[in-house]
Amino acid sequence: MITNIGKAGADTHGVLRYLYGPGRANEHTDPHLVASWDGFAPDPGRDESATLAQLATVLDLRVKQAGDRAPAKHVWHCSVRTAPEDPILTDEQWATIARRILNATGIAPAGDPDACRWVAVRHAEDHIHIVATKVRGDLREPRNWNDYLRADNECAAIEKEYGLRQVVRGDRTAAKRPTRAEKEKALRAGHTATPRERLRTTVRTTVAAATGTEEFFTILRSAGVLVDIQYFPSGDIRGYKVALPGDTNAKGEPVWFSGSALGPDLSYPKISERLAPTESVSVGRHSGRRRTAWQQVTDAADQIPDVLDEADDAVGQAYITVLAETLDALPLIAPASYRPQLSQAAAAFERASRSRIRARHQQAQSTRRAIKAIVREAAPTDGALLAALLNALLLAVVAAQHWHHTRHHDQQAEAARQTAEHLRAAYQAAAIQPLAVIHQRGLRLAVTVQQQQTALVRQALPDLAEQVLAEPGWPALAATLTDAQKAGHDPTVLLTEATQRRELDTATAISDVLVWRLHRLAHLNPQPATRTAGMPSPTRATRPSAQAEHSRRTR
């Protein structure tokens, strides 16, 4: 059940005319009252002698009595809608629901003889409209502060009592959705996404790529975005706003959006906190070998489930923010065939990236630096690196879903679930070729070696061994264990460490997860001569080309 409380208005008769009229597309049927403040309000829908003017007059009576003391915007309008799969409620049930909403919001508290006048109009099977005038019998205004949240909480209780679909609810940290006018304007211009949505994607991707606030604005401008920076008298930056060329208002002026209007985490203070310079850390090495940015990001993503399980909430939120930045950056550099799914994953995880928990961003800065490096570092020719990164990101997103769920962040948990679906599709496509190469090497292992690896798995993983050995990916895991032994590692120790990581039980194929984790733990190079189809040449990857990618993702 969803409530929508519109902005207060000044035309009671106009609102009633719409509710009792045919609707924008003749969708209104049998408009009539299901309840009113005293049960005796005139009903133009069922009483031929009643008129809209009469109903508006009785609703406005106290507004007229209050005179200058009445609020200029005195009309309170709330719609309440059930889900398509919900049973059709009776008029009596809707009347009860209307009274509960009015009581919860403070418009008409139960048992208050001076409560505001109101009516509930039904013109469809699945919803009602509640209209009230905001002057009480004592000619004071009602105390309806925070009415949307209180109405939403009451709807959650109603859903349980009536057996209705329980809507996933948020914590008021979601980005503002585009208005109907914005959507219609975008369609007229030939775009499926509104300027607000396109700019949000552009700014989020730019934050993921930029190394500082100065470069943040530089990349935005290079992407063709209009940027207006506001300053304090001291010369310090106070904020910014952005617009798309050609998106103008009736006066021909650009339609500007502040960062906070695009998303709560895109205001200048929030962005500057994430882009604050920190002490540089040298590139990771293992046994004297340089760890590339791609490998560092993969290593960091593999650790996120453990961090979310063990760290405090502020650190966990910081790593979820970094996870979102990784997803935002990937469509800039991934092969073209994977970009649609990766762009959808990034868009879905946008809602999962925020909560009311304040992130301690400095705890995740080393991972953030690696993310910014991958958009500048040469793209890997090894397709297994992309598959390993996507596999680690998939498990990290599943861990984020669990983290949000345990903290009752319902919308964020659902957004993470949707993100996992897109990532899973991208991973499965990316892993086909590199896993096939490793799989073939596993099939060519000598029988004695295969038997040795089978015994090793049964010894190291007694609870998972039979499942792993029965999976189609077992030959690839056997080949990986053999490679680890040749590299001087103890495969039993590696397997034990790999299975101690969180979220293994959520994997579709445990053997696939173990293959990539063993490669990361042992720093193996699975197929140095194999390039993923569509992977850019290593000589081409330099600074992020934001203009081309933003136009693809927001088209």
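1. Asp302 lies in helix H11, which covers residues 293–310. Helices (H or I, at least four residues) are DSSP runs numbered from the N terminus. The model is a predicted one, in which local features need pLDDT of at least 70 and side-chain atom pairs count only at pLDDT 80 or more, while totals for chains, interfaces and linings use all residues. Residues are numbered from 1 along each chain as its sequence is written, and side-chain values use heavy atoms, with hydrogens and water left out.

2. Is Asp302 buried or exposed? Asp302 counts as buried because its relative accessibility is 5%; buried means under 20% relative accessible area, exposed over 50% and partly exposed in between (1.4 Å probe, protein chains only). The Asp302 side chain makes a polar contact of 2.9 Å with the side chain of Arg520. A polar contact is a pair of N or O atoms within 3.5 Å; within protein, one must be able to donate a hydrogen and the other to accept it, and residues adjacent in sequence count only if both atoms are side-chain atoms.

3. H11 packs with helix H15 (residues 383–406) at an angle of about 20 degrees, and their axes are 8 Å apart. Axes are lines fitted to C-alpha atoms, for helices over the stretch in contact, and angles run from 0 to 180 degrees between N-to-C directions.

4. In the chain of 555 residues, 52% count as buried. The C-alpha trace spans about 95 × 60 × 40 Å along its principal axes.

Conventions. Helix = DSSP H or I, 4+ residues; strand = E, 2+ residues; numbered from the N terminus.
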